[in-house]
Amino acid sequence: QVQLVESGGGMVQAGGSLRLSCAASGRTFGSYAMGWFRQAPGKEREFVAIMSGAYTYYAGSVKGRFTISRDNAKNTVYLQMNSLKPEDTAVYYCAASRATTTRWYEYDYWGQGTQVTVSS
């Protein structure tokens, strides 16, 4: 069992930055691929980034602006978001999967989400 708790969301102006954190419980944290997803009102849940070991992969819409990282000693995964745009506004979720995948339905555990709002 893995429990995930996100933090770090908030409101920022376009061009600004935020860093999201996802704290995980469980001694097997290091064995999971960790992903970030987001969901805007009226839209489907969208893949943002994944980290599995040293492997990282990003959605095209965030590549070059967002960076995923993890600290296994602290059981925490991060999403550094720079050059934010109004279209980045969404609830952001972290999730854990035993598979290296961008498909949200292949993730086993989810956090409660944190709101990110980017104003123009």
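**Salt bridges, a disulfide and a pocket**

Modeller: Let's start with a network of salt bridges that links Arg-38, Glu-46, Arg-65 and Asp-88. This is a predicted model, where local features need pLDDT of at least 70 and side-chain atom pairs count only at pLDDT 80 or more, while totals for chains, interfaces and linings use all residues. Residues are numbered from 1 along each chain as its sequence is written, and side-chain values use heavy atoms, with hydrogens and water left out.

Biologist: What makes the contact of Arg-38 and Glu-46 a salt bridge?

Modeller: A salt bridge is a side-chain nitrogen of Lys or Arg within 4 Å of a carboxyl oxygen of Asp or Glu. Between the side chains of Arg-38 and Glu-46, the N to O distance is 2.8 Å, so the pair meets the cut-off. The structure holds 4 salt bridges.

Biologist: Why is Arg-38 called buried?

Modeller: Buried means under 20% relative accessible area, exposed means over 50%, and partly exposed is in between (1.4 Å probe, protein chains only). Arg-38 has 5%, so it counts as buried.

Biologist: Now the cysteines. Why is the link of Cys-22 and Cys-94 called a disulfide?

Modeller: A disulfide is a covalent bond between the sulfur atoms of two cysteines. The test is a pair of cysteine sulfur atoms within 2.5 Å. For Cys-22 and Cys-94 the S to S distance is 1.9 Å, so the pair qualifies. A search of the whole structure finds 1 disulfide. The link of Cys-22 and Cys-94 is right-handed, with 55 degrees about the S-S bond. Cys-22 lies in strand S3 (residues 18-24) and Cys-94 in strand S9, so the pair ties together parts that are 72 residues apart in sequence.

Biologist: Are those two cysteines buried or exposed?

Modeller: Buried: Cys-22 has 0% relative accessibility, and Cys-94 has 0% as well.

Biologist: What makes a space a pocket?

Modeller: On a 1 Å grid over the protein atoms alone, a pocket is an open set of points where a 1.4 Å probe fits, with protein on both sides within 12 Å along at least five of seven lines; lining residues have an atom within 4 Å of a point. The largest pocket holds about 150 Å³ of space. It has 13 lining residues, and the closest to its centre are Arg-38, Lys-43, Glu-46, Glu-87 and Asp-88.

Biologist: Which classes make up that lining?

Modeller: There are 2 nonpolar, 3 polar and 8 charged residues. Asp, Glu, Lys and Arg count as charged; Ala, Val, Leu, Ile, Met, Phe, Trp, Tyr, Cys and Pro as nonpolar; and the others, Gly among them, as polar.

Biologist: How do you know that Thr-114 is in contact with Gly-9?

Modeller: A polar contact is a pair of N or O atoms within 3.5 Å; within protein, one must be able to donate a hydrogen and the other to accept it, and residues adjacent in sequence count only if both atoms are side-chain atoms. The backbone nitrogen of Gly-9 lies 3.2 Å from a polar atom of the Thr-114 side chain. Thr-114 sits in strand S11 (residues 114-119) and is buried at 11%. Gly-9 lies in the loop between strand S1 (4-7) and strand S2 (10-13), and is partly exposed at 33%.

How values were computed. Grid points are joined across faces, edges and corners, and a volume is the space filled by probe spheres set on the points. Helices (H or I, at least four residues) and strands (E, at least two) are DSSP runs, numbered from the N terminus.
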